[in-house]
Every structure is written in C-alpha cells, then in structure tokens.
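Hello,

Here is the structure I promised to pass on to you. Please open it beside this email and follow along as you read.

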Amino acid sequence: MKELALHGMRYLGLTLLLALADQALAAEVNWPRMTESADGVSIAYEVQGSGDPTLVFIHGWSCDGRYWRGQVPYFSQQHRVVTIDLAGHGHSGLEREDFTMPAFGEDVKAVLEELDVDQALLIGHSMGGPVAVEAARLMPERVIGIVGVDTFHNVAEEITEAQIDEMLEPIQQDFVPATRHFVASMILEETDPTLRDWIVQDMAAAPPQVATSAMQDMFTRHAEGEAAQHFEELTVPVVAINADLWPTDIEANRQLLPEFEAVIIEGSDHFLHMAKPAEFNRELDRVIGTPP
C-alpha cells in the first residue's frame, strides 16, 4: 500500500510539473492575434518586441505579414513591431464585398486601436503604401510618419481607364498564370531563385476575387486623382525606400508633398526588402533614426 501511495504521489507530482511546464511554454509562445475591422472582418496580426515608435509593416498586393520576415527579428530588438494581414490576405477574413484602399486603412486602424498605439510609423510595401496613406488619414493622432517600400514612384502620374483594363484583363481571364507572369516581371534574374519561385507561387495562390478587386480599386483611385489628393493632404513625413527597377520622380511627388524624400537602392527589384534584407534594414534604420 505504501508503495502504491508513493507511486501515486510521484504520478501527481509529475503531472503537476508537466502542467506547469505547459503553462510556461504557452506563455513564451507569441501567438498571432485577431481583431475586427470597422466592417466586422477578422484581421490577423502579430506583435514582437517593445519600444517607440511602433513599426507597423503593411504588405503589398496578394502578399501578407510573412513578407516582412527579414525585418521583424532585426527591428523588434528596439521597437514594438506589428505585422498585419489585410482583409482577404493571409489569415484574415474574406467577408468583404469590395477590397479597397480605404477599407484596408480601416484594417490598420483597428489593429492600432486594439494595441493602443500612440506613435506609429507605417511601413508599406507596394500597395501597402496607398494603404498607409489611408490609415494615416483615419488616425493622424497616432501616425508619426510613413515609409513607402518600392511605391510612390509618381503619385500623380496619369493613367487611363484603357490602361487599367489592359492590366486587369489577364488576371481576370486566367488568374494563376497571369499573376505568375506579372510577379516574375518585377523580380530580377539575379535574385535568389528559391526566393523568386516562392514569391511567384505564393502570390499566384491568392484569392482571385480579392486580388482583382484590390488592384482595380488602387488603379482607379490613382486614375481619378484621389490617390494624389490624399497624398497631398498628408500632415506627416513620407520617405520612400525604392528599387531602381522603375524610376522614382522625387520632384513630381514634391509638387504634392514638399517634404517628400526617397532613398534608391541600386540593383534591386520590387521585393528589395526580401532580396536584400541587410541593405534594406540599414536604410530603414537610418530613416527611423532621422528626426521628422
């Protein structure tokens, strides 16, 4: 009986230790979080590190928060870093009829309000640039600046409805091969082939209805002049860290926003933060350290 009792006590002790170990491990795991956007769509986001300003990374068209993996470990050493999956992307909800720049801006706002961020630097890649502009308009009291990543090449550049239709038609007709071709055209041959293939395959796996809706809205707002108007109305500093794959018209953008600045990373492509993370991180670090 004594041996049985002793065995029972050891079993209970081991069970307790395992339970405590499970609790400790669970406390260490930084699980993704969820909140709701203004229209009730669930928005997934992750938080790492601490320190002001909070760096909010906003992905581009048909991407998600994973595309910032080259930045999170580096910047979370001194800053709170937030990565977001916009609605229809990554692990966020799809229950939205139209995927627009203002609606995406509401997604960012919901996350910043959930975290009670009072000093946010919005860092937006590609489509994430216009999204950052919309988010800054919604909460000027929280946003202290915007950093565009291969975006804002010429915010007021003219684009016609015919050009929009020409860009949209292939992805509307046959989304996967058209998207693969479109994405591949933005990546240099010198870029690591494993990374290039991953980006191409991953973006081609995006929900076609989300991708088509978002692209059409982004280009239409550009063509109608709304993108330029909203850019011009910004009251925070804007800096672009761009590749030299396409020209960046700094002077044209300064006609809208006189304080606009741009950094050009030579020999890089549209996914410069992924293909050249060390060089990109140095430039972003410098931008962050520069007083507005």
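Let's begin in the middle. The largest nonpolar core has 66 residues, and the ones with the most contacts inside it are Val 108, Leu 122, Ile 146, Phe 231 and Phe 271. Please keep in mind that this is a predicted model.

Leaving out residues up to four places away in sequence, Phe 231 touches Val 133, Phe 152, Val 155, Val 238, Asn 253, Leu 256, Leu 257 and Phe 260.

Now zoom out for the overall picture. The protein has twelve helices and eight strands. Of its 292 residues, 49% are buried. If you take the contacts between residues at least 6 apart in sequence, 72% of them join residues at least 24 apart.

Next, have a look at strand 4, which covers residues 81-85. Five of its five residues are buried, so strand 4 is largely enclosed by the rest of the structure. In a regular strand, side chains alternate between the two faces of the sheet. Which residues of strand 4 point one way, and which the other? Val 81, Thr 83 and Asp 85 point one way, while Val 82 and Ile 84 point the other way.

Strand 4 has partners, too. It pairs with strand 2 (residues 42-48) in the antiparallel sense, over five bridges. There you can find Ala 44 opposite Asp 85. Strand 3 (residues 54-58) runs parallel to strand 4 and is joined to it by four bridges. Here Phe 57 has Thr 83 as its bridge partner.

Which residues of helix 12 are buried? They are Phe 280, Asn 281, Leu 284, Val 287 and Ile 288.

Finally, here are two single residues to look up. Asp 217 is found in helix 8 (residues 208-223). Is Asp 217 buried or exposed? Its relative accessibility is 12%, so Asp 217 counts as buried. Its side chain makes a polar contact of 2.7 Å with the side chain of Arg 221. Setting aside neighbours within four places in sequence, Asp 217 is in contact with Phe 99, Thr 100, Met 101 and Pro 102.

The other residue, Ser 268, is in the loop between strand 8 (261-265) and helix 11 (272-275). Ser 268 counts as buried because its relative accessibility is 3%. A polar atom of the Ser 268 side chain lies 2.5 Å from the backbone oxygen of Ile 265. Not counting residues up to four places away in sequence, Ser 268 touches Leu 188, Ala 243, Asp 244, Leu 245 and Lys 276.

Enjoy exploring!

Best wishes

Technical notes
Residues numbered from 1 in each chain as written. Predicted model: local features only at pLDDT ≥ 70, side-chain atom pairs only at ≥ 80, totals over all residues. Heavy atoms only, no water. Helix = DSSP H or I, 4+ residues; strand = E, 2+ residues; numbered from the N terminus. Buried < 20%, exposed > 50% of the residue type's maximum accessible area, 1.4 Å probe, protein only. Polar contact = N/O pair within 3.5 Å; in protein donor to acceptor, adjacent residues only side chain to side chain. Contact = heavy atoms within 4.5 Å. Pairing = 2+ DSSP bridges. Core = buried A, V, L, I, M, F, W, Y, C linked by side-chain atoms within 4.5 Å.
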